[in-house]
Amino acid sequence: MKDQALFDKIDLHLIRVLNTVLTERSVSRAAIKLGMYQPAVSAALKRLRVLAGDPILVRSGSGMVPTDAGLRMIEPSASILRAAGMLFSDARGFDPATAEITFRLAASDYMDPLFLPQLVAQIKSQAPRCHIEIQPLSSESDYRSHLAKGDADLVIGNWSAPSDELHMARLFGDDVVCLVAKDHPAVRRGWDAAGWLASEHIAPAAMHPGAKGVIDEHLDSLGMVRNITVRCPHFGLMPSMVASSLLVMTTGRQYCERFASILPVKILPSPIEFPRMMYYQLWHERTHASNASKWLRERVKSVAAMLRKE
């Protein structure tokens with residue numbers, strides 16, 4: 001089949017079915033996600049198989065898996081859907097009440113634990129038909145690449161020096177404090193810099209091998225090293241670990257305050273002075289002029305400002 005004749009037989013709906021079937025690896029799950037009847041999805045898949053000259057999705061045991069050709073179609077089909085969403089939403093000026101696009105956010109869980117819940121609530125209340133995908137910032141994530149390729153529209157987190165390759169907007173700053181159990185010796189006796197450094201510390205897992213967070217970057221600049229005895233990739237679990245141990249967690253005051261009333265913990269000043277932790281949203285030139293992305297960035301800014309007033 002010649003290219004033009006092939007293109008004439010493909011529409012955006014077929015691309016959407018293709019991507020959903022490949023990512024869900026199930027016709028029935030794809031039908032639920034697409035809001036279609038299963039026979040209609042099966043019929044669309046049959047058309048796609050004829051157009052591709054390949055089964056695209058085949059049975060394997062009790063499930064289904066993409067063929068090699070199907071695997072190669074996942075990212076191009078996702079890219080087409082993202083581009084189409086931006087093209088038409090921006091052409092219409094982006095109306096959140098009627099828009100049907102997917103927002104992809106990569107966010108650090110170092111944020112205020114209320115931040116993402118309130119952001120999702122605000123987006124869904126104003127743009128009810130939009131979808132939201134929240135990705136973690138982990139040691140496996142290359143947020144610069146994800147932003148450039150369109151795997152993420154926005155990255156939210158804290159850095160001492162954000163990448164100058166990206167657009168940036170500051171959200172807020174926060175004082176660095178320590179969170180300890182209520183019966184930690186430092187609550188009664190206090191501590192100096194040497195005592196603090198020698199205490200048992202809990203810290204987030206490194207973003208990549210050899211990487212240091214903002215706390216340890218600053219200590220490194222002072223020629224100091226703290227005694228980290230626990231590394232945890234789940235920041236939200238760390239306050240509970242602190243509450244039942246002698247561990248010290250050093251992070252932003254706003255984060256710690258969310259747990260001070262629900263766990264047997266206490267906030268103490270750090271005996272070492274740290275610069276304020278700065279939180280940013282970062283985005284790529286690819287989405288800089290997008291009306292939908294501008295709207296999303298305003299929602300992030302709004303939630304951050306609201307939480308700072310509490």
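Arg 104 counts as buried, at 14% relative accessibility (buried means under 20% relative accessible area, exposed over 50%, and partly exposed in between, with a 1.4 Å probe and protein chains only). Arg 104 forms a salt bridge with Glu 133, and their closest N and O atoms are 3.4 Å apart (a salt bridge is a side-chain nitrogen of Lys or Arg within 4 Å of a carboxyl oxygen of Asp or Glu). This is a predicted model, in which local features need pLDDT of at least 70, side-chain atom pairs count only at pLDDT 80 or more, and totals for chains, interfaces and linings use all residues. Residues are numbered from 1 along each chain as its sequence is written, and side-chain values use heavy atoms, with hydrogens and water left out.

**Arg 104 and Glu 133**

- The pair links distant parts of the chain, 29 residues apart: Arg 104 is in strand β3 (residues 102-107) and Glu 133 is in strand β4 (residues 131-136).
- Strands (E, at least two residues) and helices (H or I, at least four residues) are DSSP runs, numbered from the N terminus.
- Glu 133 counts as partly exposed, at 35% relative accessibility.

**Other salt bridges**

- The structure holds eight salt bridges.
- Asp 216 forms one with Arg 226, where the closest N and O atoms are 2.9 Å apart.
- Asp 216 lies in helix α10 (residues 214-221) and Arg 226 in the loop between α10 and β9 (228-232), so this pair ties together parts that are ten residues apart in sequence.
- Asp 216 and Arg 226 are both buried.
- Another salt bridge joins Arg 29 to Glu 24, with 3.7 Å between the closest N and O atoms.
- Arg 29 is partly exposed, and its relative accessible area is 43%.
- A network of salt bridges links Glu 24, Arg 29 and Lys 33.

**The five-stranded sheet**

- Five strands form an open sheet in the order β4-β3-β5-β12-β6, and the pairing is mixed (two strands pair if DSSP finds at least two bridges between them).
- β4 and β6 (167-174) stand at the edges with a single partner strand each, so one side of each has no neighbour in the sheet.
- On average, neighbouring strands of this sheet are turned by 20° against each other, direction ignored.
- For such angles, axes are lines fitted to C-alpha atoms, for helices over the stretch in contact, and angles run from 0 to 180 degrees between N-to-C directions.
- β3 pairs with strand β5 (residues 154-158) in the parallel sense, over three bridges.
- Ala 106 stands opposite Val 155, which is in β5.
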